[in-house]
Amino acid sequence: MAIAMDFDQEGILRSSLNGEVSILNPVLSTDNISSAVEGAIFNGLITFNEKLEVIPELAASWQASKDGKTWTFNLRRDVFWHDGRPFTSEDVVFTYNAILNPKVNSVRRSDYIINGQPIKFKALDKYTVQAVLPVPFAPFLVRMGMGIVPKHLLGGKDLNTASFNRRPVGTGPFIFKEWTSGDHVTVVRNPKYFLGAPKLAGIKYKMIADDNSQLVALEADEIDEAGIPPKDYERMKKKAGIKVYDYDVLLYIYLGFNLANPKFADLRVRQALAYATDKKQLVDLIFKGLASPASAPTAPISWAYNSNVPKYEYNPERAKKLLKEAGVNSLEFTILVNQGNKEREKAAVILQQQYKKVGVNVKVRVMEWSALLKIVNAPKDPKEFEAVIMGWSLGLDPDAYSIWHSSQYPAGFNFVKYSNKKVDRLLDQGRLTTDKNERKKIYAKIWQEIAADQPYIFLWYPKALTGIRDRVGGLSKPGPAGLFVHLEKVFIRNAQVRP
Amino acid sequence: MRRNKAAIFGLAIMAIFLGLAIFAPVIAPYSPDEISSAGASPPSWQHLFGTDDLGRDVLSRSLYGARISLSVGAVAVVIALLLGTLAGAVAGYYGGWVDGSIMRAVDVMFAFPSIFLILAIQAMLTPNIYNVMFVIGLTSWMGVARLVRGEFLRIRQLQYVEAARAIGCGDLRIIFRHMLPNAQGPIIVAATLGMAGAILTESALSFLGMGVQPPMSSWGNMLMDSQAYMRDAPWMSIIPGLLIMVTVLSLYFIGEGVRETLSPKERHAGS
Amino acid sequence: MRKFVLNRLLQIIPLLLGISLLSFLVTRLAPGDPTALFIDPNIDPLELARVRANWGLDQPIFIQYLVWLKNALLLDFGRSYTTGLPVITEIGERLPMTLLLMISSFILTLLITIPVGVISAVKKNSWFDNLFTFISFAGMAIPTFWLGLMLMLVFSVKLHWLPAVGNLALPLITMTIGSLAGLTRYQRGAMLEVLNQEYIRVARAKGLPERVVIFKHALRNALLPTITILGLSLPDLFGGAFVIETIFAWPGMGRLGVQAIFQRNYPTIMGIVMLSAILIIVGNLLADIAYAIVDPRIRYEKK
């Protein structure tokens, strides 16, 4: 076991971020770059382990009432803010009420509103918080991971403009030190952290937006950690001083059809396109095999995953036959794809060639992300697109109501206008059921229905590839939660014991 | 006179490239979009310039890319020249408040960091090849306008213009028949430099993903796509990189040659 | 002269109004809005509408413009949507980094350009002239991002001489190579032109030493176009460096601006455009004045 001398007491982890930190307040931040830094500074009531199971953090324990509507959280009593003030239930209630305040520009508000009614948060005593839900709601607990912010620093202030957002104070393993705009954020060890003082003396998050530059910086030993493009995987694996990890993430990429468009109304046409899609070629060419073909709107690492769905293995002859049966002599459509995402751009170009083989003409239109979202999100019927390549990152809960429920069109994320009564019913049921095994069955049925209908052609499940320099130790088991699940246990090896 | 050799060399290169671009469908050994599961492979007899990450023939893509890159450069520069010459000629000829307001408009355009303007307009129009041409042209005419105005201010003081005016020639006639031909030297120079600039701008736009869009190949987006493969498949970036460089250099040399040939001062300096 | 300066100063007002209106319209007409970026199946679209309303984006566009204008006159450019910071602060954090890069590049460029340009002109068509002609053209002909990455691969990965990111050296070299070419050409051309002028011939005929002719008489006049070009290249201060800033992770204005456009962060876009417009106009004005001082032949009250 690691003893104190095994690691460098002064060791600083040189981390890298794939873009710019915008705001360090979990209530307000919307990008995962800011969230990555917030993870070191703030804590939630709950958090997740390597297997993405819910584990206690600021809450030591919790109970749900029989009817599933009242949840009681018992908070830890040994937690202090970085400025020395004790953490209490007031802070928790303050944080959630801030999110629910319409004047606060938090987009997370809808997470805490169920059927149009907000969840009510109450401090029962200094260390007990109660949440009252209007109806039982299965995804509730996983949404309790929101970082808690201090009432004594933010109470009575305009949260949107508070200077706190630039100089955050949290309860987490690291204390905010400095932030140079567009360049780096530094955090230092919180010696009084309630799970034990971190082994790292600090973390310097360097912002490097360009992927190639990030890789070069890792190779040049300027940073300890960077994402690795699939094509560099083999080369980096051979590189001395760097270890490469690959693990699955909760994300799938798809080609979605506008079902409101008569071109795609016939199921046989969608099936034909599914048969014409050589997913293996996609994965091989774009990822050198470091991704896996997808077949359902869930990911293999989700607990609700079920592989028993219609698969539509590559079969161009079958595709041609189905098109003929559907009476389609010439099919031509445009695939929209967002610019700046090379993988999806390439996918569109490859699909164009694959569909050409079955006599389907595809045009590719690359659009700026915001412009593309405008088309997809505009609450009108029908929407002005034919097909689009996008991805959904999945929550920890399998609930997919907002993507597949017919009520989520035209406003909402069911922008392909998928409508299946059975799926609607199952989605409602999945939200109200709290038994995990029951839910697993419900979602298995939903995935089967959707895969059979092919409103999307599910393309691939990406993998995360991360390169870490050997001097870094104490990583968690590679998994969807990343390699730094227990940040306080990460350390820098002493120079003399470095391998 | 060595400069003129360079200019002739440049002209020859441009003529060859133009020919290759025009006859791309005949010359190209493969379809530029044809993919193969083999992925990137180094130059060989089957693929003289190798293949890219999607297994497409780099030679064929370069040939088709020549069409795109050269036409982006040419069309953008024509737009810039038309706008710039018109604005500059009118401003320089009439002077006074006409000049004042046109030059202020030029200032407005100059005052925008051009990349922001290009990005904003691109976002508005969605990036495709025509918009790339249009946007580059629209944001690069101001230099030409200033130049032509300067020439006109100079020329209009000359005796023959005064003479033309004295015998009652109309404004348009004076501008187009008498003054513009005398300003053509700098305009041609500006055109060659402008075309070179437009080709480079397209490649910079490609860096942001706002240039010519796939599957269409331009040298700029080929170069951009290749940058991640610089070490694994260097041929992917060396070929378009060289093509851009040689083209831009040729254009510069042509411009330089024209400048020296047409400039009367330089002429008697050289003799 | 005073009248000229005053006149130009007065012209700045409609100029800035024009720029602000144009950029306001262009940014608002681009499809998409700042909340569109928060795509997440867990976010209710109604919440996005609420955030938009908090930002005043539900108002008619001309009202939005008037509100912006009113605040801008009081030097309040609003707050960035992404960071919540006042735009002025946000820009203020980036400007010094941009200036550092730009000014060092300007100085380095001039240090190389002036002697090279002068020697090239004086020794026209010598091997020196030809070599530098080729080098400077080549420098201009390489796409910046390609040059930057090549330099990075050579100096950071292979040789380990210079850090790849967050260091001034590589971005400075890349930027200087890019701008060297243009200026050297201008300097050489201007020098050539001046050397052929009558008064230089007269000076030479008078028997003045060549050194005096070149540095005292010729260079002084040949600096004019260089001044102009420097003035003209000011806009690049804000946008032109974005490629270099992105590749070398340099926290300057170019990246801030490009990102603001992609994120539809309207207040930041407007702030950057206005600030750069003001600086550019002032820069041009100064260049014109410098011109007038150096070259008394230029008169301003033509009509």
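Guide: Contact means heavy atoms within 4.5 Å. By that rule, 46 residues from chain C and 50 residues from chain A take part here. This is a predicted model: local features need pLDDT of at least 70, side-chain atom pairs count only at pLDDT 80 or more, and totals for chains, interfaces and linings use all residues. Residues are numbered from 1 along each chain as its sequence is written, chains are lettered from A in the order in which they are written, and side-chain values use heavy atoms, with hydrogens and water left out.

Visitor: How many salt bridges are there between chain C and chain A?

Guide: A salt bridge is a side-chain nitrogen of Lys or Arg within 4 Å of a carboxyl oxygen of Asp or Glu. Between chain C and chain A the count is three. A:Glu20 and C:Arg94 form a salt bridge through their side chains, at 2.4 Å from N to O.

Visitor: How is a sheet read, and what is the strand order in the open sheet of chain A?

Guide: Strands of a sheet pair through backbone hydrogen bonds, either parallel or antiparallel. Strands are DSSP runs (E, at least two residues), numbered from the N terminus, and two of them pair if DSSP finds at least two bridges between them. In chain A, four strands follow the order β4-β5-β9-β8, with antiparallel pairing. β4 (59–64) and β8 (120–125) of chain A each have a single partner strand, so one side of each is left without a neighbour in the sheet.

Visitor: Over how many bridges do β8(A) and β9 of chain A pair?

Guide: The antiparallel pairing of β8(A) with β9 (residues 128–132) of chain A runs over five bridges. A:Ala123 stands opposite A:Val129 in β9(A).
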